Amino acid sequence: MKKILTTLTALILILALSSGAQAYVETIDVNSGYQFVSVDWTHTYDGSVPTPLRATLSILADDVDNGEIDKVFINGNYLGDLNFYGGFANNRPAGAGEYISSTTFDITPFLAAVMNIHVEVFNGASSYAVEILTSSLEVTAVPIPAAVWLLGTALLGLAGIRRKLG
């Protein structure tokens with residue numbers, strides 16, 4: 001019995017330490033050009049990462065001005081606004097490509113096989129515009145903490161001791 005318990009414990013520890021986190025990454029070159037109304041594109045996910053998992057959407061955009069509101073939606077669900085670049089005001093020539101902003105959203109609750117991304121550009125009196133450069137979907141497995149594996153082996157050990165004494 002002791003050999004079986006020792007072998008089982010060792011096997012569980014080996015599996016816990018050797019299991020690498022799986023990931024799914026899809027990067028799309030949106031290159032929308034300057035848009036004054038909206039930008040749309042689609043991400044797909046093949047379901048290859050086991051649960052539990054975490055999903056993020058990262059968007060690189062050019063010319064997100066201070067005061068501009070660029071709302072991001074996924075399958076009709078509002079995620080938030082694109083981050084603006086510093087204190088930049090709308091005073092540079094189009095195509096200069098110097099003011100890149102990055103915004104990352106946690107989209108775990110909205111993860112689906114097909115995700116339609118929509119950015120709605122605020123078009124107030126100043127006629128704001130935005131250029132979406134790239135969009136990256138990253139889905140990663142959330143590893144089970146080592147403490148859970150150790151607790152499991154400890155419970156197996158206690159069960160073995162109880163069985164031996166009882």
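Trainee: Is L158 buried or exposed?
Mentor: L158 counts as exposed, because its relative accessibility is 54%. Exposed means over 50% relative accessible area, buried under 20%, and partly exposed in between (1.4 Å probe, protein chains only). This is a predicted model, where local features need pLDDT of at least 70, side-chain atom pairs count only at pLDDT 80 or more, and totals for chains, interfaces and linings use all residues. Residues are numbered from 1 along each chain as its sequence is written, and side-chain values use heavy atoms, with hydrogens and water left out.

Trainee: Where is L158 found?
Mentor: In helix α2, residues 146-165. Helices are DSSP runs of H or I with at least four residues; strands are E runs of at least two, and both are numbered from the N terminus.

Trainee: New topic. Is S135 buried or exposed?
Mentor: Buried, because its relative accessible area is 0%. S135 sits in strand β8, residues 131-141.

Trainee: Which side chain does the S135 side chain make a polar contact with?
Mentor: That of H43, at 2.7 Å. A polar contact is a pair of N or O atoms within 3.5 Å; within protein, one must be able to donate a hydrogen and the other to accept it, and residues adjacent in sequence count only if both atoms are side-chain atoms.

Trainee: And what does W41 touch?
Mentor: Leaving out residues up to four places away in sequence, W41 touches I28, V30, I59, M115, N116, I117, V119, I132 and S135. Contact means heavy atoms within 4.5 Å.
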